[in-house]
Amino acid sequence: MRVVFFGTPEFAVPSLRALLREPDAFTVVGVVTQPDRPRGRSRSTLISPPVKIAALEAGLPVLQPDRPVGDVFHKQLEHFRPDIGVVAAYGHILRPDVLALPVKGMVNVHASLLPRHRGAAPINWAILAGDRVTGISIMQMEAGLDSGPVYHQVQTPIEATDTAGSLTERLAVLGAAALVEGLTLIESGIARGTPQDPASVTSAPKITRELTHIDWSKDAVQVARHIRAFDPAPGAWTTHEGNEVKLFGPVPVPGLGAPGTAVPLDDALMIITGAGAVRVEEIQPAGRSRMPVSAWLRGRRGTLVGGFA
C-alpha cells in the first residue's frame, strides 16, 4: 500500500516510523509537514519539525507548503501516486480535493475515542473533563471536523498523575500501533468504518490563554486537573503580586481558607481552592525557566506576600 504521510510534531513520529518498519505492507512515498519555524530570542534560527527530521533520516521526499492548497501542491501529491493518505497532527485542515486524491482516501490518527473530543486539543480536554479513559481513533477523513466513520479504536486509562505531556507520549506510541492495525484492517476489507453517534459528540477546540488561567474558586480536584491539562505547554497560569507565574506538579490536599491563599511548605506550596487545596512542587515565573518551588521561595528569602489570583 503506497502511503503519503501528513504530520508535524513529535506525536506523529512514532506513526511514521511504524509504517517504515512494515515495508512489505506499506511504502511511504512522501511526507507532508509544516515549514521550518524560527526559534530563539532573535528568531534567526530555523527549526525543522520533528516529522521532517525523521523523514529525512529515512530518505523520504518531504513537502513543506505554507498551506496544503493550490495546483502546484496538488500535482506534487499526484506525483506520489498514493493509495491512501495518513494524517497525524499535521496542523492544517485539508480540502476535499486533497482528501479525495488517494485511491482509498485519507485516515486520521486522532487522539481521543471519537466522537468524544473532536477538535484540535483532545488530550488537554480529556484531562480537563476528568475522563477516566481515552485512546486513539483511526478514522476516515471527510469535510467535517473529525466527523468521519471510525475504522479502529484502542483505549488507555488516564491516570491521576497524568499530564498532557505524559499522556501525549503514551498516545503517540499507542497511535502508531493502532495505525498499523487499522490500515491492515482497511487493506484486508475487514474494516468498513462505523459512523459516529451525533448525540455523543463533544468538542476539543484550540487552547486559548483565557482557558489556561487558573480559577481558584473551583475545588482542588478540578484545579489539579486544570494544571495537569496544560503541563508542560502552554502551562496553567495565575498571578502573584501582579506577576504571572505558571504552576506544575499539583496534588489535591485538605485545606481551609480563602481561595488563592498561599501557604509555604518546606519543599512546596499549598494554595487554597474553593474546596480543599493543592500542593504544587514546581513554578515558572514569567521570563524564567521552570524551577522547584523551594528554589523560588529561597530567592524570595522565604517571604510570601499575598496570594494567587
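**Helix 1 and its surroundings**

Helix 1 and helix 6 cross in a right-handed sense; a crossing is right-handed if the near helix is turned clockwise from the far one by less than a right angle, and left-handed if anticlockwise. Helices here are DSSP runs of H or I with at least four residues, strands are runs of E with at least two, and both are numbered from the N terminus. This is a predicted model, in which local features need pLDDT of at least 70 and side-chain atom pairs count only at pLDDT 80 or more, while totals for chains, interfaces and linings use all residues. Residues are numbered from 1 along each chain as its sequence is written, and side-chain values use heavy atoms, without hydrogens and water.

Stay with this pair. The axes of helix 1 and helix 6 come within 8 Å and cross at roughly 40°. Axes are lines fitted to C-alpha atoms, for helices over the stretch in contact, and angles run from 0 to 180 degrees between N-to-C directions. The two helices are therefore oblique to each other. Angles under 35 degrees count as roughly parallel, over 145 as roughly antiparallel, 65 to 115 as roughly perpendicular and the rest as oblique. Helix 1 brings Pro 14, Ser 15, Ala 18 and Leu 19 to the contact. Helix 6 answers with Ala 172, Gly 175, Ala 176, Leu 179, Val 180 and Leu 183. Contact means heavy atoms within 4.5 Å.

Now turn to helix 2. Helix 1 (residues 13-20) packs on helix 2 (residues 50-57) at about 20°, with the axes 9 Å apart. That angle makes the two roughly parallel. This crossing, too, is right-handed. Val 13, Leu 16 and Arg 17 of helix 1 meet Pro 50, Val 51, Ala 54, Ala 55 and Glu 57 of helix 2.

Which residues of helix 1 are buried? They are Val 13, Ser 15, Leu 16, Ala 18 and Leu 19. Buried means under 20% relative accessible area, exposed over 50% and partly exposed in between, with a 1.4 Å probe and protein chains only. Their cover includes strand 1 (2-7), strand 2 (27-32), helix 2, strand 7 (106-110) and helix 6.

Leaving aside neighbours within four places in sequence, Leu 16 is in contact with Phe 5, Val 28, Val 31, Val 51, Ala 54, Ala 55 and Leu 60.

Finally, find Asp 146 in the loop between strand 8 (133-140) and strand 9 (150-157). Asp 146 counts as buried, at 10% relative accessibility. Asn 108 lies 38 residues away in sequence, but 8.3 Å away in space, C-alpha to C-alpha.
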